[in-house]
Amino acid sequence: MSRARFPAGRRHRGVLLTALAAVVALLATACGGGPPPDPKATDLEGLYQEAKAEGEVIWFAPKPESQMRPAINAFQKKYPGIKVKYTNKKAPDLVTQLNVEEAANRVSFDVSNAGGLTVLPSLDTAAKVDWADYGVPSDQVFADNFVYVWAVPKVWAYNTDAVRKADVPTSWNDLLDSEWGGGKLTVESRGSFMTVWAQDHSLGTDAGLDYASRLAELSPHYTENTTQAHTNIVSDQTPVGTDLINLVLDDQAKGAPIAVAPVGPTNANKSYLFVPDGSPHPAAGRLLTAFLGSAEGQAALVDTYNSIIPTDTDCTDADTNKVIGALCAAGVQWYSETDVKQYEQFSAFFPKVEDALGTNVD
């Protein structure tokens, strides 16, 4: 059985990370110092005053700054005197950097992102925050210290110039048709697009692994991440592939020939923000996170396709939320995560999916 191209392995980094953290921690101890104290304020106005004294907030997240700019502008308008310094950084790199910096008591940023496989390793790095003090709704607080701020629904997409409407796959089984063999599918190699098989009991993990093996027999074009898969679809290097609806809608708005395929159900991955323990501007980090979780912050995010959506399929707000509207228009059902146990299940499932796809190379 032939296997198409796939990226090099990404494992066995733990030993190096542990050693690096130990070295940096020793250096930090020698240099002295430590993180600033946690905020004393238990309300938004008091928190703003502490944050204004800090003067800035450093935010790292795996999103282009252009997508975050409306929310940044809205925050700076509401809370003058606090400058947002934003960096687009991949989620796995955030985990690595934060672990090293916390070990050294030298954390360099104030707001971090967690989602999917980065949730579990981020749990112990988050500062303890009573988000209710700052007006965050309880149903947006996850594992006590995370705030749900946007969803990242995984979809199958297609190039509208390359695929006739009548030929668009409409189910998971359609994607296994020999028509899509020989590299006509672009697939994210980590297998995160298979998440829903571990969520929907009508699918199931055993059936998911069998599906992944059959998909591998088509010799898809593997990419290291979904953003690369999206680029392949837009450029017609591969006509159909795994994607994120946020990327699809963003490029659709720019006139790109891409659309959501009606393949479902799917996973609407929840993305959380949190303030790292020992952050340099802890009040400003809390203030920004609370703002992004608020109705005002969500209003600034929704037009760039980054917003909260219901945990399970619900088309009530399809007319006002473009992400929900696109999923519902395509007839795609979705499921999101609800507890830590699901993330533990995903962590066990994804390596097996990589094995089935033939992309787990050590």
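Let me start with Leu-209, which touches Phe-349, Lys-352, Val-353 and Ala-356 when residues up to four places away in sequence are not counted, where contact means heavy atoms within 4.5 Å. Leu-209 lies in helix H6, residues 205-216, and here helices (H or I, at least four residues) and strands (E, at least two) are DSSP runs numbered from the N terminus. With a relative accessible area of 21%, Leu-209 is partly exposed; buried means under 20% relative accessible area, exposed means over 50%, and partly exposed is in between, with a 1.4 Å probe and protein chains only. The C-alpha atoms of Leu-209 and Ser-66, which are 143 residues apart along the chain, are separated by 37 Å.

Residues are numbered from 1 along each chain as its sequence is written, and side-chain values use heavy atoms, with hydrogens and water left out. The protein averages a pLDDT of 91, and 90% of the residues score at least 70, pLDDT being the predictor's confidence in each residue, from 0 to 100. Over residues 1-32, however, the pLDDT is below 50, although this stretch has 48 contacts in the model beyond near neighbours in sequence. Where pLDDT is low, the predicted coordinates should not be read in detail.

Now to Gln-97, which has its place in helix H4, residues 91-103. Is Gln-97 buried or exposed? Gln-97 counts as buried because its relative accessibility is 19%. Leaving aside neighbours within four places in sequence, Gln-97 is in contact with Phe-60, Lys-89, Ser-108 and Phe-109. With the side chain of Lys-89, the side chain of Gln-97 makes a polar contact at 3.2 Å, that is, a pair of N or O atoms within 3.5 Å, where within protein one must be able to donate a hydrogen and the other to accept it, and residues adjacent in sequence count only if both atoms are side-chain atoms.

Next comes helix H11, residues 322-329, where six of the eight residues are buried, so this helix is largely enclosed by the rest of the structure. Which residues of H11 are buried? They are Val-323, Ile-324, Gly-325, Ala-326, Leu-327 and Cys-328, and the buried residues of H11 pack against strand E5 (146-159), H8 and strand E11 (334-335). At the N-terminal end, H11 is capped by Asn-321, with a side-chain oxygen 3.0 Å from the backbone nitrogen of Val-323, and after H11 comes Gly-331, whose phi is positive, near 75°.

Finally, let me turn to some backbone details in the loops. Gly-264 and Pro-265 are joined by a cis peptide bond, with omega about 5°, and Pro-265 is found in the loop between strand E9 (258-260) and strand E10 (266-274). Asp-144, in the loop between strand E4 (141-142) and E5, has a phi near 70°, a positive value in a residue other than glycine, and Asp-144 is exposed, with a relative accessible area of 61%. Asp-236 also has a positive phi, near 65°, and its place is in the loop between H7 and strand E8 (240-244); with a relative accessible area of 40%, Asp-236 is partly exposed.

Terms used. This is a predicted model: local features need pLDDT of at least 70, side-chain atom pairs count only at pLDDT 80 or more; totals for chains, interfaces and linings use all residues.
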